[in-house]
Amino acid sequence: MQSSLHTVSTRHHHLSWKLPGTCDLSSESILNRSKLFFKPATAYSSLRTCLDSESDGGVEKGPRSTLPVSLPFVIRSSTNVSRYFWDGDCLRVVSVDGDSSSCKFEYNSGYRKLFRICCFVIRDFLIPQQVADSYMDYVRWKFLHRVFSSALQVLATQAMFKAIGVGHSYSLPSSAALNWVLKDGIGRLSRCIYTASLASAFDTNLKRVRFSTSVVFVASIGLELLTPAFPQYFLLLATIANVAKQISLACYLATRSAVLQSFAVADNLGEISAKAQIQTVCFDNLGLLLAALLNMLFESYPRRQVGLHFIIYLIFAGMDLLGIYQGLKHVHLQTLTKDRLEIILNTWIESGYVPTPAEVSEKEGISILGIGGQKSWPIRIGCLNSSNQIAWWSIEAMQRITAEDFYFICVEICSKRLKRIGEPVVLLSLREGAGALHIIMGLLQACSIRRVLIADWSRWESRVGESYESDSAPDDWSMIIEDSKTYAKRDLPCLMEQILEKGWEVKNILLSGTEMIRFTFNCGY
């Protein structure tokens with residue numbers, strides 16, 4: 001026996017599959033399959049279908065339930081929420097008003113329906129399908145940043161045209177073109193130099209570098225707005241401003257992929273990148289419209305245009321930087337750097353759990369030029385610094401390094417001034433060939449040692465300048481090293497399991513240029 005679904009009718013809010021009027025259902029499997037799909041529920045004794053009505057297997061005909069009957073599942077699409085209903089003759093998909101628990105037929109119509117559809121269409125146009133929860137907050141602040149940044153650039157370009165005399169009878173096209181080419185050429189050269197010098201910083205200090213260069217970009221627009229007031233210094237001002245713009249552009253391009261990758265939850269980086277370009281174009285066009293409206297308003301006050309431009313600049317620059325700053329706070333990077341890993345390990349030691357990328361992002365913060373990131377008892381990854389004072393008991397412990405050790409830990413005392421003891425620093429020095437697990441274990445051990453030293457630093461500080469044979473400091477230091485190493489080995493498996501569960505990428509630990517300097521073990525010293 002063959003049965004087929006007869007007609008499929010698709011519309012905005014109405015989809016039905018009509019069953020043929022005459023059905024031969026002598027097959028036992030088809031009857032059982034129909035009972036699976038149309039089980040009697042407590043709300044009604046039995047749901048009668050055309051399959052049951054012509055069954056020759058002696059199926060008892062129960063009373064017909066109140067029609068239409070809703071089926072217990074919901075279909076959610078980008079534009080509406082739909083439910084399935086059985087009206088006795090055919091199966092229907094009916095749009096409901098966003099309430100999946102409603103069992104009533106609700107055919108939205110009019111302006112409300114049109115508005116909802118438009119909102120969903122715009123959302124699908126701008127927002128990827130699968131992204132992290134913080135993405136919408138990021139886009140909101142990106143909207144603020146791009147609109148005001150675009151408007152500022154329009155006002156700055158207009159000011160520069162005015163400075164070189166575009167639109168005036170006394171303008172010299174060849175001189176203006178030469179100045180424009182010179183400032184662009186110098187700016188692009190500076191962009192190459194900047195990118196080469198800060199290559200690793202784009203990974204290890206992404207947020208700080210991104211926000212710092214955004215401040216530089218906003219300052220460059222201020223210089224461009226000054227060109228009409230000082231046309232004789234056009235080339236100098238425009239060149240400095242363009243150098244700053246190119247540096248900011250280089251940072252934006254270098255960090256863009258990492259920022260977008262942090263929102264990809266389904267390996268859909270391509271879709272997120274495409275949507276980001278659409279967002280940029282749409283938001284920038286709104287900024288152009290805003291600048292055009294301001295120019296129309298300023299035409300009535302030609303003598304006050306310079307002053308009005310600077311007032312607008314201060315307001316728009318503040319809104320631009322606010323949007324960038326708040327947007328970066330919603331970027332939760334899953335890559336591990338020294339600073340993020342240190343936050344994770346400190347939380348693990350103090351509270352016994354691994355924080356999520358969102359929690360680490362909140363603690364990490366955004367600091368300009370590293371000013372906000374200074375803290376007491378820092379841990380430094382790198383090589384020994386000969387300008388710092390190192391306790392002799394640390395030197396003695398370093399002499400016991402074997403070929404099996406992939407790192408060593410010691411305490412440095414930074415000499416802020418001559419003959420004055422400065423801030424203590426815990427140094428973690430890595431050996432050639434040390435991998436991500438060695439770095440995590442070494443940093444975990446360094447955090448444990450720092451915790452012990454802080455609790456009893458007054459005693460250890462007095463030992464820094466003592467003679468070689470003074471007391472039992474080497475034995476105490478060796479005990480601290482061994483105890484912290486035992487603790488790190490014990491906790492490492494559980495720690496790594498939680499790090500992976502929280503979504504951190506542990507394949508590589510991103511280190512800066514100075515942090516990647518490593519030592520080689522010399523067994524014949």
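Analyst: Arg380 and Glu412 are joined through their side chains by a salt bridge, with an N to O distance of 2.9 Å. The term stands for a side-chain nitrogen of Lys or Arg within 4 Å of a carboxyl oxygen of Asp or Glu. Because Arg380 belongs to strand β7 and Glu412 to strand β9, the bridge ties together parts 32 residues apart in sequence. Strands (E, at least two residues) and helices (H or I, at least four) are DSSP runs, numbered from the N terminus.

This is a predicted model, in which local features need pLDDT of at least 70 and side-chain atom pairs count only at pLDDT 80 or more, while totals for chains, interfaces and linings use all residues. Residues are numbered from 1 along each chain as its sequence is written, and side-chain values use heavy atoms, with hydrogens and water left out.

The two partners differ in cover. Glu412 is buried at 0% relative accessible area, whereas Arg380 is partly exposed at 27%. Buried means under 20%, exposed over 50%, and partly exposed in between, with a 1.4 Å probe and protein chains only.

Both strands belong to an open sheet of four strands with mixed pairing, in the order β7-β10-β9-β8. β7 (379-381) and β8 (389-390) are the edge strands, each with a single partner, so one side of each has no neighbour in the sheet. Strands count as paired if DSSP finds at least two bridges between them. β7 runs parallel to β10 (residues 424-430), and three bridges join them. Within β10, Leu427 is the residue opposite Arg380.

Helix α14 (residues 436-455) lies across β7, β9 (407-413) and β10, at about 35 degrees to β9. Such angles run from 0 to 180 degrees between N-to-C directions, with axes fitted to C-alpha atoms, for helices over the stretch in contact; contact means heavy atoms within 4.5 Å.

Arg450 pairs with Glu342, the closest N and O atoms being 2.9 Å apart. This pair connects α14, which holds Arg450, to helix α11, which holds Glu342, across 108 residues. Arg450 is buried at 7% relative accessibility, and so is Glu342 at 3%. Through shared partners, salt bridges join Lys338, Asp339, Glu342 and Arg450 into one network.

Helix α11 (residues 338-351) also contains Leu341, which is buried with 0% relative accessible area. Beyond its neighbours within four places in sequence, Leu341 is in contact with Leu336, Ile440, Leu443 and Ile509.
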